[in-house]
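Subject: Structure for your review

Dear colleague,

Please find below the structure that I am handing over to you.

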Amino acid sequence: MSLAICPGSFDPITLGHLNIIRRSAQIFDKVIVCIMVNSSKTKPMFTINERVEMVRKVVGRFPNVEVDTSDGLLAEYAKKYDGAVVVKGMRAASDFEYEFQMNLINKKINPGLETMFLTASEKYTFLSSSVVREMASYGADLTGFVPYEIIDEVKEKAKLWRQ
Ligand code: PNS
């Protein structure tokens with residue numbers, strides 16, 4: 001059985017993330033969306049539990065996608081699943097350097113671990129969770145940025161987060 005791990009901080013999940021998850025679910029028998037900590041992102045909007053709930057809400061439509069969390073290293077997490085492939089989205093050349101470095105670090109820790117990159121759909125190349133947080137904090141319309149199921153939740157949270 002082929003297995004993909006889609007890791008990320010998902011703070012919050014965007015339509016760009018969902019596009020990568022959907023395409024991974026078409027390629028692999030099973031996909032685990034793993035909500036992890038990005039230590040460079042120091043001011044999260046949502047708790048891990050809130051992110052899990054939001055991601056579960058929007059991936060419920062895909063029967064072969066599960067949600068998990070880890071506060072450890074991705075390369076260590078992947079050791080639990082023999083043959084699993086990490087799948088990440090690549091939006092632009094600006095993503096490449098960081099992702100290339102992460103890939104090399106992950107390989108040092110877990111040499112058998114492969115990472116595949118799916119190029120972001122053109123309509124989402126501008127999109128990131130940080131753009132969503134910024135827009136939400138100004139009360140902007142989030143249609144077309146985050147899945148409709150979580151729009152109200154992100155807007156509500158943004159009101160508190162900005163203060
Ligand atoms: O959505 P993001 O913030 O770009 O996702 C980055 C993430 C969470 C996948 C990355 O920071 C990560 O792998 N975190 C877990 C800790 C880890 O393995 N760090 C890389 C080696 S130091």
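A pocket here is an open set of grid points, on a 1 Å grid over the protein atoms alone, with protein on both sides within 12 Å along at least five of seven lines, and a volume is the space filled by probe spheres set on the points. Please note that this is a predicted model.

On that basis, the largest pocket holds about 1,000 Å³ of space. Its lining comprises 39 residues, and those nearest the centre are P7, G8, K88, Y98 and E99. At least two lining residues come from each of β1 (3-8), α1 (15-27), β4 and α4. The most is given by α4, which contributes eight residues.

Helix α4 (residues 93-109) also belongs to a right-handed β-α-β unit, together with β4 and β5. The two strands of this unit, β4 (residues 85-90) and β5 (residues 114-119), run parallel and are joined by six bridges. Within this pairing, V85 stands opposite E114 of β5.

As to the helix itself, α4 has 17 residues and spans 25 Å from its first C-alpha to its last, close to the 24 Å expected at 1.5 Å a residue. Which residues of α4 are buried? They include D95, E99, N103 and N106. The buried residues of α4 pack against α3 (74-78), β4 and β5.

Yours sincerely

Methods: Residues numbered from 1 in each chain as written. Predicted model: local features only at pLDDT ≥ 70, side-chain atom pairs only at ≥ 80, totals over all residues. Heavy atoms only, no water. Pairing = 2+ DSSP bridges. Helix = DSSP H or I, 4+ residues; strand = E, 2+ residues; numbered from the N terminus. Right-handed = clockwise from strand over helix to strand, strands pointing away. Expected span 1.5 Å × (residues − 1). Buried < 20%, exposed > 50% of the residue type's maximum accessible area, 1.4 Å probe, protein only. Contact = heavy atoms within 4.5 Å. 1 Å grid on protein atoms, 1.4 Å probe; cavity = no way out; pocket = protein on both sides within 12 Å on 5 of 7 lines; lining within 4 Å.
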